[in-house]
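Colleague: I would like to learn how to read the features of a model like this one. Could you take me through them, giving the general idea before each case?

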Amino acid sequence: MKLKSLLLATFFAAGLTAAQAAEGELSIGTEGEYPPWSMADATGNVTGFDADVGTLLCAKLKMKCHFVVQAFDGLIPALKAKRFDIIISGMSITAERKKQINFSVGYAELANMFVVKKDSDLAGIKDIDALLKSLDGRTVGVQAGTTHAHFVEKRASSAVLKTYDTLDQMQIDLASGRVEAAFADASALQDFLARPDGKDFQFVDVKVLSTFDPTLGEGIGVGISQENTELKARIDEALCELVADGSIGNTSQTWFKTDISRPCQ
């Protein structure tokens, strides 16, 4: 979209590629269209939980930071191409992603849930196995390139999977009846339920945690280039301190009304 192109053009015009980043500066790739994790406005200002984590991390590292907006499924390719230094974009740590990039320690985790119409026969299901079986032949919306997409592909392979570039696109199709269910993290879908177009929808009362299936990852982490081991060590230390002192928990209360911080293992 135009905003992303404009921001990237501005970023590169300033010469702020990862390869050219000045000492003490860090560029952060983020989606910008996944509330309340990451939102970019028309001026290029990035807000949300991811932005707050980035700000906290950079303050702890004593580095100046720049945010770069990039479509979610392009974040890993862009990091590998050195268009920015790290990713902070609600990205779950998974075995597949670790084949391409490195990750920090997990610093946050939130339940994943399905949303359906209130009068759907899926609405009253409370058992995860029964829910997954009931998705056979039904159209399920997910955001492309996410752990949610991989989970549905694996655990509900008979469902008709429909992928979207953004959460908003998926929610538009959900509201219009073009998909029967949507699957994402609970916080992102709660935003939809709070809007007028979500008034006829509800969560299925089944929380899907990462411990249920490895495709859902090992919590949310910072994406880092595999060769940048020194930066990973510094980020790991900083994140563990920010979790331990309550900083990440406090900012998650602002955006999610609950503490989603994940203690260092």
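Modeller: Gladly, and let us begin with exposure: a residue is buried under 20% relative accessible area, exposed over 50% and partly exposed in between, using a 1.4 Å probe and protein chains only. K257 counts as exposed, because its relative accessibility is 67%. Before we go on, this is a predicted model, in which local features need pLDDT of at least 70 and side-chain atom pairs count only at pLDDT 80 or more, while totals for chains, interfaces and linings use all residues. Residues are numbered from 1 along each chain as its sequence is written, and side-chain values use heavy atoms, with hydrogens and water left out.

Colleague: What is the phi of K257, and where does K257 lie?

Modeller: Its phi is positive, about 60 degrees, although K257 is not a glycine. K257 sits in the segment after α10. You will find K82 in the loop between α3 (75-80) and β6, and at 40% relative accessibility K82 counts as partly exposed.

Colleague: Which residues does a cis peptide bond join?

Modeller: P35 and P36, with omega at about 0 degrees. P36 belongs to the loop between β2 (33-34) and β3 (38-40).

Colleague: Now the disulfides. How many does a search of the whole structure find?

Modeller: The rule is a pair of cysteine sulfur atoms within 2.5 Å, and the search finds 2 disulfides. One joins C58 to C65, with an S to S distance of 1.6 Å. That link is left-handed, with -90 degrees about the S-S bond. C58 is buried at a relative accessible area of 5%, whereas C65 is partly exposed at 23%.

Colleague: And which cysteine is joined to C240?

Modeller: C264, with 2.0 Å from S to S. The torsion about the S-S bond of C240 and C264 is about -110 degrees, so this disulfide is left-handed. C240 lies in helix α9 (residues 229-244) and C264 in the segment after α10 (247-256), so the pair ties together parts that are 24 residues apart in sequence. C240 is partly exposed, with a relative accessible area of 25%, and C264 is partly exposed at 32%. Numbering the bonded cysteines of the protein chain in sequence order gives the pairing 1-2, 3-4.

Colleague: Let us stay with α9. How does its span relate to the expected value?

Modeller: The expected span of a helix is 1.5 Å times one less than its number of residues. With 16 residues, α9 reaches 23 Å from its first C-alpha to its last, close to the expected 22 Å. Just after α9, G246 takes a positive phi of about 90 degrees.

Colleague: Which residues of α9 are buried, and what do they pack against?

Modeller: The buried ones are L231, I235, D236, A238, L239, L242 and V243. They pack against β1 (25-30), α2 (49-61), β6 (86-87), β13 (223-224) and α10.

Colleague: T147 is in helix α6 (residues 147-155). Is T147 buried or exposed?

Modeller: T147 is buried, at 5% relative accessibility. Contact means heavy atoms within 4.5 Å; leaving out residues up to four places away in sequence, T147 touches S92, T94, R97, T215 and L216.

Colleague: Finally, how should I read the chain as a whole?

Modeller: The protein chain has 10 helices and 13 strands. Buried residues make up 55% of its 265 residues. Of the contacts with a separation of 6 or more, 68% are between residues 24 or more positions apart. For overall size, the radius of gyration is taken over C-alpha atoms, and the globule rule is 2.2 Å times the number of residues to the power 0.38. For 265 residues a compact globule would have a value near 18 Å, and the protein chain agrees, with 18 Å. Taken along the principal axes, the C-alpha atoms fill a box of roughly 55 × 40 × 35 Å.

Definitions and conventions. Helices (H or I, at least four residues) and strands (E, at least two) are DSSP runs, numbered from the N terminus.
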